[in-house]
Amino acid sequence: MLHAAAVDLLRKVEVDAIIGPQQSAQANFVMDLGDRAHVPIISFSATSPSLIPRTPYFIRTAQSDANQVEAIASICKAFQFSQAVVIYEDTEFGNGIMPYLANALQDVNTRISYRSVLSRTATDDAIYKELYKMMTMQTRVFVVHTMQSLAGRIFLKSKELGMMTSGYAWIVTTGVTDLFDFIDLDVIEAMQGVLGVKPLTPISREQKSFASRWIRTFMRDNQDVKLAEVSIFGLWAYDTMWALAMAAETLVKTGINGVKNLAHVDDPQGLFTFRVSKTGPLLLEAISNTYFTGLSGEFHLVNGQLKQTQYQIVNIVGKAQKEVGIWTPPIGFSRELNPNVTCSYSTSKENFRTIIWPGDSTAAPKGWEVPVSGKKLRIGVPVKPGFNDFLKVEVDPVTNAVTVTGYYKEIFDSVMTALPYAVPHEFVPYSFFNLEGSRVGNYNDLVYQVSLQEKYDAALGDITITANRSIYADFTLPYAEGGLTSVVPIEYEDENGILTFVQPLTKELWLMTALFYTSTALAVWILAHRIADPPGQHPGLMAYFPFFPGEGIQANLLCLVLVTWAVVASLLNSTYTASLSSRLTLQRLQPTVTDVNELIKSGQHVGCQEGSFLVGYLKGLGFNESKIKTFSSIEYVDEALTLGSKYGGVSAYYDVMPHIRLFLTEYCGKYMMIGPIHRTDGFAFAFPKGSPIVADISRAIVQLTEKGTIQEIDQRLSADQQCAAGPDSLNSATSVTLRSFVVLFAITGCVTLACLVISLVLYLRTNAYFIQRMTDFKDYLRGFPQRMSDLKALLRQRIGSFFSHLKKINYRFKG
């Protein structure tokens with residue numbers, strides 16, 4: 001009908017402007033007609049953000065619903081609502097706001113846990129079922145974006161289900177707050193404690209006068225309805241008419257009055273045949289430039305739409321909407337609007353006045369709670385035959401009562417106590433084995449069961465955070481250290497071996513010592529053979545001079561070489577003596593394996609805890625799956641390490657740091673850690689994806705860590721771990737390396753070489769005949785090429801004569 005009316009106005013009446021497409025779907029069609037006829041289409045009630053102007057001839061003199069989403073998101077941020085359920089109607093009005101609302105909530109870290117889409121004609125039974133479904137969820141924050149009629153039915157059913165009590169938070173959009181006076185009293189009674197947003201309209205004398213006159217007129221014609229104020233749509237309609245009148249008056253003043261329309265629009269089918277307005281473009285420009293303060297506030301168009309304004313945050317208390325705050329984009333909230341005073345703006349709940357929440361409560365809801373009244377949070381705990389030192393689960397076979405004890409249980413209890421609210425919970429066992437002893441689950445399965453929320457709402461235990469598990473569940477901050485390493489058996493070295501005397505020094509140091517001993521002895525011979533006894537005594541001189549220099553040698557260079565060597569020899573002697581003494585008196589311990597790569601290359605078997613993530617992790621390190629064995633108890637690990645890989649056991653055992661330290665404590669002095677500590681995340685509590693309690697528990701873990709509570713529990717429940725520190729704490733004597741003496745050897749070499757060079761120079765200066773012999777030898781070498789050439793010529797001549805003689809003999813023989 002509206003479409004036909006718009007065509008009739010353009011064709012028959014030939015209007016220059018159209019006011020009135022009340023719905024977005026209508027405006028979408030009419031704006032195209034206005035574009036054809038160059039006639040402004042003005043709407044003061046089509047608020048859907050999905051209505052995107054495709055032509056400059058469409059003007060929206062109302063606030064877009066997209067303008068209020070930031071105010072709603074700011075409320076969630078102020079009260080730290082981590083999740084929210086959005087209820088909206090399946091119309092263009094309801095669907096249009098969703099992309100903007102989702103983005104705004106995401107910007108403040110509020111996740112939409114569920115979207116409830118209701119038909120405008122949904123039955124009460126359908127609404128009841130949908131609300132009951134939402135009641136069984138954890139989220140207790142609901143954002144309602146529907147028209148007033150559907151919203152009334154939603155709140156009546158919500159009150160019937162007990163969802164308008166303490167702990168719930170309801171937020172409604174302008175579709176409800178703007179038409180509050182048209183809501184039935186029984187619906188208002190059901191909406192007690194609801195928060196709403198609505199555009200802020202300044203209270204003025206003109207507005208009060210208009211409202212008084214309009215309300216009297218309306219109530220005279222509708223005596224069954226009692227109005228307290230004019231809706232925002234009424235104020236926008238009044239300002240729209242005023243702006244159009246001002247624009248028309250501007251055209252009259254400029255001399256443009258009664259301009260006739262132009263030719264018909266080209267339409268072959270003749271469906272929309274009407275003339276193109278010449279006044280329309282001028283009127284559009286005049287309206288766009290119109291600026292004044294109207295009943296709804298400032299009338300100022302930006303890109304064909306009313307400029308975004310401030311929003312009131314109202315609280316439904318009694319039969320009225322009580323203002324509790326003002327939201328100013330993008331500054332934040334303030335308690336009141338006073339243009340003469342600099343107000344304090346923020347996104348904190350402290351800038352709100354007292355809010356009465358559902359259930360007549362003044363305490364802000366936390367936004368979530370355990371679903372269904374009286375139901376406890378089900379905490380899954382692993383049941384396994386071994387590795388129960390940190391968490392032990394016992395199930396009474398008669399009563400099925402579950403008893404949980406251990407280090408992790410005490411930490412969990414401390415965290416629950418530290419929360420600002422009570423979380424009723426119960427422990428539900430998760431067995432890794434069935435009655436026949438066959439494995440039926442592992443830690444990955446337990447985390448996956450938590451994500452399904454069919455049997456478990458969370459999980460407790462030595463659950464390591466891994467990338468694969470984080471796909472299915474959310475983890476709190478770790479409460480126990482991470483890290484993965486291995487232990488191997490310790491073997492004791494025989495201190496009475498036949499080669500013990502060579503072990504204090506490394507092979508490289510022994511070789512370097514021998515080399516310098518020989519070179520120093522040779523240098524002594526070179527420097528001393530000319531002034532020492534007859535040549536027969538030279539070998540003995542070389543042998544004992546490096547250790548016992550003789551008194552008959554007076555050469556300064558020789559003394560310098562001997563003194564330098566004596567320093568090095570003295571240090572080597574004392575170091576060797578100390579190292580040998582420690583080896584003979586201390587028990588030397590060393591691991592049977594020192595390198596992870598050695599285990600991989602040699603194909604030895606390694607072990608890890610059964611049911612953990614370590615099998616996949618070890619495969620990632622390079623171990624063959626066939627070489628990885630799993631164990632269900634610490635006793636089996638000890639037995640396998642004792643046997644070794646050659647006899648059906650393992651050469652090394654891998655586990656996370658808490659279990660490794662406990663293992664080393666149990667078998668003190670028998671095993672030791674080797675290799676690097678591979679970085680992994682620690683143990684944490686697992687919850688379903690999006691669980692709002694994760695953030696609170698993580699904060700509680702941080703608080704307990706800072707206070708030292710977790711450390712106190714660790715010290716009280718953990719055994720003495722002096723033997724668990726690793727190989728650094730064991731008594732051992734190491735060999736002295738070449739690096740310790742490289743500088744001394746370098747100094748000795750430089751001094752010896754310098755003395756030899758100086759001795760050579762002095763010798764050449766005092767022996768002229770040697771220089772002459774060197775010169776003659778040099779001349780001999782210079783003539784050597786000529787002599788070689790003569791020799792080659794002589795050889796060629798002799799060889800030629802020899803072959804000629806052979807030819808003659810051969811000729812004679814044939815003749």
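**Aromatic groups**

I begin with one aromatic cluster, which is formed by F390, Y407, Y408, F412, F427, Y479, F683 and F685. Please keep in mind throughout that this is a predicted model.

How many aromatic pairs does the structure hold? There are 30 of them. In general terms, two aromatic rings are described by how far apart their centres lie and by the angle between their planes. For Y430 and Y456, the ring centres are 6.0 Å apart and the planes stand at 80 degrees, so this pair is edge-to-face. The two residues belong to distant parts of the chain, 26 residues apart. Y430 sits in strand β18, residues 425–431, whereas Y456 is in the loop between α14 (443–452) and β19 (458–459). Are these two residues buried or exposed? Both Y430 and Y456 are buried.

I turn next to a pair of helices. Helix α13 covers residues 407–418, and helix α23 covers residues 693–707. They pack at an angle of about 105 degrees, and their axes are 9 Å apart. Angles of 65 to 115 degrees count as roughly perpendicular, and α13 and α23 are therefore roughly perpendicular to each other. Which residues meet there? On the α13 side they are S414, V415, M416 and A418, and on the α23 side I697, A700, I701 and L704. Sorted by class, this contact of α13 with α23 has 7 nonpolar residues, 1 polar residue and no charged residues.

V314 stands opposite E323 in β13.

Two hairpins come next. Strand β9, residues 291–294, is joined by 4 bridges to strand β10, residues 297–302, and the two run antiparallel. Together β9 and β10 form a hairpin with 2 residues between them. Y291 has H300 in β10 as its bridge partner. β10 also pairs with strand β11 (residues 305–306), in the antiparallel sense and over 2 bridges. Here L301 stands opposite L306 in β11. β10 and β11 likewise form a hairpin with 2 residues between them, and N303 in the turn has a positive phi of about 55 degrees.

That brings me to backbone angles. Most residues other than glycine have a negative phi. N109, however, has a positive phi, near 65 degrees. N109 lies in the loop between α5 (98–107) and β5. F387 also has a positive phi, near 55 degrees, and its place is in the loop between β15 (377–383) and β16 (392–395). Which description, buried or exposed, applies to F387? Residues under 20% relative accessible area count as buried, and F387, at 11%, is therefore buried. N109, in turn, has a relative accessible area of 66% and is exposed.

Thank you for your attention.

Note on methods
Residues numbered from 1 in each chain as written. Predicted model: local features only at pLDDT ≥ 70, side-chain atom pairs only at ≥ 80, totals over all residues. Heavy atoms only, no water. Axes fitted to C-alpha atoms, helices over the stretch in contact; angles between N-to-C directions. Parallel < 35°, antiparallel > 145°, perpendicular 65-115°, else oblique. Contact = heavy atoms within 4.5 Å. Nonpolar A, V, L, I, M, F, W, Y, C, P; charged D, E, K, R; others polar. Pairing = 2+ DSSP bridges. Buried < 20%, exposed > 50% of the residue type's maximum accessible area, 1.4 Å probe, protein only. Phe/Tyr/Trp six-rings, centres within 6.5 Å; stacked < 30°, edge-to-face > 60°.
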